[in-house]
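Here is a briefing on one protein model. Look over the sequence and the fold first. Then read the notes by topic.

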Amino acid sequence: MPVFIEEIQEKMEVERGEQNSGKSGVRLKVCSACNVKRDNLQVAPYFVCAYFSLETSKLRRICLKCFEEAENHQKVLVNLLSEHKSVISGPKKPKNEIEIVDLDADDGNAESDEELEQCQEEVELTEDVERFVESVMEKYQFSKQLQDASIHLRDKCAVAKEEMAKLDMSISVLENNICALRKELFEPYEPIICYVDSVDIDEEGKVSKHSTTLSSSAFLETGSSCRKARELPPVGEFIHKPIQVLQIVYAMKTSLLKPWVKGTIVKIKENTEMPYEVRFENAADKPSRTFPLKYLAYAKPSPVQFAVGARIIAQYVGEKYEMLEPLAYYAGIIAEEAKSLTQERYLVFFDQGYAQYCKHEQIMMVFHSSRDVWHDIYSKSRAFVSTYLKGYPERAMVKLQRGQTIKTELNGYWFRGRVDAVDGSLAKIYFPSEKRFEWIYRGSTRFRHLYDLLAKEEARKKQGTTRPTRPTHNMVLVHQKKNAPYVEYTGEQVDDSSKPLSPPLLAPQLPSASKENPIRAVARKSTSKVFKSPSVVSTHRRTREPDVDNYGRLNRQLNPFYQQIYFEPHQCDTYCVKEYLYVDGENKNVNPFSIPMRWGWARELAKQRHGERSVIVFYRAPCGRRMRNLGEVHRFLRITGSELGIDLFCFDSFVQCFKEFKPDIIYCQIKDISYGKENVRVSCVNSVDHQNPLSVDYCTERIPRKGVKMNLDPNFLICCDCTDDCQDKEKCQCWQLTINATARGRGGKINPNAGYEYRRLTQNLVTGVYECNSRCLCRKTCLNRVAQRPLHLRLQLFRTVKCGWGIRCLDDIPNGQFICVYVGELLTDQDANDDGTQFGDEYLADLNFIELIENQKDGYESECFQSDQQSSESQSSTSDDDWDESSDASGSKNYPSAKRGGKRGRLSKMSKLLSRTPVKPIDVDDDGQEDGQKNFTRTLYGPMEKCFVIDARNIGNIGRYFNHSCEPNIFVQNIFIDTQDLRFPWVGFFAQEFIRAGTELTWDYGYQIDSVPGKKLFCYCGAKNCRRRLL
């Protein structure tokens, strides 16, 4: 190795001499090591570049001084290696902190190759290479060198860790000092918070005080109690101690509805029904009275926590009402245990029908209560308390938020009230027409939502023995608007939607049955749910909480097929796509929105400086022409004769065409559960356990079972002869079927824009969609052919933690995009009942399209009557012109907008105060006949005609795996393709909103609560507005 250095040095001396000979004509150059201009630079060999950490990809020149420095370092390392000493303990090479500026790169290009060739050493190996390397490594003991280096690095790493620990400690001390200084600095300038009463501003701009805001002292007291939880006694059984003479107690002075008064036991009699003689305070001149144990209560708080159903007396701390006085004790029961959600307070139902939250020290235990405690309660409240305690902890409650409006019963009439505050299970309702506030239990049937639901349940129970049918996945129900009240079923934990406020007031009562809604034998989904989308479709992406089932990664990549396309003015024709002749069905198993880019198209995003949308989307055709919307794209496709479908293009900037979801964990996997029967593969993964889905006969068509007769003769179909892809809705006969059918909906008006919009459907069309069929002359690129096309979205079957198997999308899905259809065996109503009872009803779906249309007719609603004595103010406040916002989220039919006719019976004042009985609705049709006498369209098919049912238990497609959600992201649409018989629509799923890749696809089953006797099904969808129960 020293010989090699001497040879290099000789060569460089020769070069140095040649350079000195023509020094006058040589330009100064910069040394790559020291960055100093010199005239005697030489080419740096490899060991010099390694010493100064120089790149070897380019020619490097150094000065003699730098070369000698590197050479000396090299000699020291060679000596250490020859003496079998550790090389790593030798001198350290300097750190190259100089930024290398290659000023002579251009000047030396001509001679750089020749100089590199001259500096390369030519060595002839006469022996075997491997043997030579082994001998060198053994000679210089490279294995020992590696061990020494490993030990040295390990020691150095330990020292570095110790230094890092010291630095962390120093940083922690500095942070604490900074926090202390910051607190000391800002403490004199801390703002003083003042709490003032809120105000109400009416439509005329008048300002009035609002009495719901807490005072500053009350607010501070509430805040401090939130920070420091009240100390409750331990949980345990209450032990009743015998009463002693002179013991202070509370006794019922006059009746259960009057305050209990404190007194003293003066005498205890034996062998009598009322053995305890009590003398009341402040009544020493009056004779004492005798009481039984159930009318006496302790005067000290309980040493243990109260249980639900305990008979107690509690201190009323609200405002003065007709029957309650503040700070007086009244009889009641414990309705909820003390919880942190309610600031460690108990919910108390008073016998008068009021409710409030009470602290532990405000409640006293009654000495004795019956085994069934409701027998001790006032008769008007007995039925409600009995039902409540028998069903606890499961309760139907209206989910409310501050600012919502909800129909509420007041003095026997339905008023539109506003939610002013929510405190646990209680809501404070403001009645604008009455200028009155009132606290009402959220499980009270004074709320119209809950009244309608429980009234239907009561009717189903009475009808159950006469007509056994099934509950369905109810699509007949109107989808609730966002931020609207709905009924939820709470379990052991009550959802608290706001901070606790002041003490509450009013309580509930049982409903009375309204309309016949029969009990069902099995549960069935419905395929005719009405989805009401908002008038303005939002383009913002809905944000959802992350789902543990969907843990995975989104692989994003740029368009690998992108190429710059320059436009030259021309008239587009078939020549524009001559090089990109797409054939329908190509490019399977890829993101469908990436297909145009694979065939010469370009999708470009642009930003607007001013405008509503910050990002807009353009498409460039293979000829370079730019297109700004789907209309221009469709016109180009028609002119050029391209077979690309218009639904492969998307102008939603949220949709990414080259983004794919992939799960992180896969325990077992199936590449295609359809086994080639679908147009694209439907993969299956399990990231939870090692189970595979049950075997199912996969099919893509409906299969009628015996007893189901479908007329599939195409000669009975209305068809069109369009040649413009059915773009003109007025000329297309199939499209006219869809448009004319809208007259059968609510309002009776024809919607000329009904149907698909460039193969997308953004909202449910109640009256159905009629697609072009096999007799039509239009092409397969027709805009009215959607559900009949094969699957082209990439979907994946996956295992969820709580909901079994579900379906998620692997790519982004825009709003209105067609997903798939729901197919299986077609059964009769009786066969569905039999199979559902014997094998299960999880995959049954009603084809109840006819019932949906019947329920949409004007006047088909439950009417409420009131007396002639009603005031004009009450009449105006009880109008139902805008009642359609109060959709019943639990699964009951909504009431259409119509003015009320007839009369209502006014409740007496005493009845209102005690029983709180809501108004009983009476069902009538347009002619004043009862609803049961109404003729239905289905009877025209036969006197015993009933709904047909799709059963996807053993035979079906991916539609059978869609799970339920109370906030679904897809909806169901009835579609007529191969038959226009109203009894046999196809069931299609469409995206209700933009759906991000990796999101589970869910729809609302619409099950009716308690529609199947003895069967309860809880909901685990995890939505913000989850109703907690399906059945």
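Which side chain meets that of aspartate 1004 in a salt bridge? The partner is arginine 1027, at 3.1 Å from N to O. Keep in mind that this is a predicted model. The notes below cover salt bridges, strands, a surface patch and some backbone details.

**Salt bridges**

- The count comes to 31 salt bridges.
- Aspartate 1004 and arginine 1027 both lie in the segment after β46 (1002–1003), 23 residues apart, and the pair links distant parts of the chain.
- Aspartate 1004 counts as buried, because its relative accessibility is 6% and the cut-off for buried is under 20%.
- Arginine 1027 also counts as buried, at 6% relative accessibility.
- Lysine 144 forms a salt bridge with aspartate 148, and the closest N and O atoms are 3.2 Å apart.
- Lysine 144 and aspartate 148 are four residues apart in helix α6, so about one helical turn separates them.
- Lysine 144 is partly exposed, with a relative accessible area of 38%.
- Arginine 799 forms a salt bridge with aspartate 689, with 3.8 Å between the closest N and O atoms.
- That pair links distant parts of the chain: arginine 799 sits in strand β34, and aspartate 689 sits in the loop between β30 and β31 (697–698), 110 residues apart.
- Arginine 799 counts as buried, because 19% relative accessibility falls under the 20% cut-off.

- Strand β34 covers residues 795–799, and five of its five residues are buried.
- Leu795, Leu797 and Arg799 point one way from β34, while Gln796 and Phe798 point the other way.
- Strand β30 (residues 683–686) runs parallel to β34, and three bridges join the two.
- Cysteine 684 stands opposite leucine 797 in β34.
- Strand β35 (residues 805–809) runs antiparallel to β34, with five bridges between them.
- Glutamine 796 stands opposite arginine 808 in β35.
- β34 and β35 form a hairpin with five residues between them.
- Glycine 804, in the turn of that hairpin, has a positive phi of about 70°.

**The open sheet β18 to β21**

- Four strands form an open sheet with antiparallel pairing, in the order β18-β19-β20-β21.
- The edge strands are β18 (405–410) and β21 (436–441), and each pairs on one side only.
- From one strand to the next, the twist averages 45°.
- Strand β20 (residues 426–431) pairs with β21 over six bridges, in the antiparallel sense.
- Tyrosine 430 has phenylalanine 437 of β21 as its bridge partner.

**Surface patch**

- A nonpolar patch on the surface is formed by Val129, Phe132, Val133, Met137 and Phe142.
- Together these residues have about 420 Å² of accessible area.
- Helix α5 (residues 129–139) gives the most to the patch, with four residues.
- Phenylalanine 142 is found in helix α6 (residues 142–186).
- Phenylalanine 142 is partly exposed, with a relative accessible area of 31%.

**Loop residues and backbone details**

- The peptide bond from tyrosine 392 to proline 393 is cis, with omega near 10°.
- Proline 393 lies in the loop between α8 (379–391) and β17 (395–399).
- Glutamine 343 is not a glycine, yet has a positive phi of about 60°.
- Glutamine 343 lies in the loop between β13 (329–339) and β14 (345–350), and is buried at 10% relative accessible area.
- Cysteine 726 is another residue other than glycine with a positive phi, near 55°.
- Cysteine 726 lies in the loop between β32 (703–704) and α12 (733–741), and is buried with a relative accessible area of 0%.
- Valine 590 lies in the loop between β24 (552–556) and α10 (595–598).
- Valine 590 is buried, with a relative accessible area of 16%.
- Leaving aside residues up to four places away in sequence, valine 590 touches Ile595, Arg598 and Arg794.
- Valine 590 and phenylalanine 658 are 68 residues apart along the chain, and 9.2 Å separates their C-alpha atoms.

Conventions. Residues are numbered from 1 along each chain as its sequence is written. This is a predicted model: local features need pLDDT of at least 70, side-chain atom pairs count only at pLDDT 80 or more; totals for chains, interfaces and linings use all residues. Side-chain values use heavy atoms; hydrogens and water are left out. Patches are made of residues with over 30% relative accessible area and no salt bridge: like charges are joined within 9 Å, nonpolar side chains (Val, Leu, Ile, Met, Phe, Trp, Tyr) within 5 Å. Accessible areas come from the Shrake-Rupley method with a 1.4 Å probe; for residues, only the protein chains shown count as cover. A salt bridge is a side-chain nitrogen of Lys or Arg within 4 Å of a carboxyl oxygen of Asp or Glu. Buried means under 20% relative accessible area, exposed over 50%, partly exposed in between (1.4 Å probe, protein chains only). Two strands pair if DSSP finds at least two bridges between them. Axes are lines fitted to C-alpha atoms, for helices over the stretch in contact, and angles run from 0 to 180 degrees between N-to-C directions. Contact means heavy atoms within 4.5 Å.
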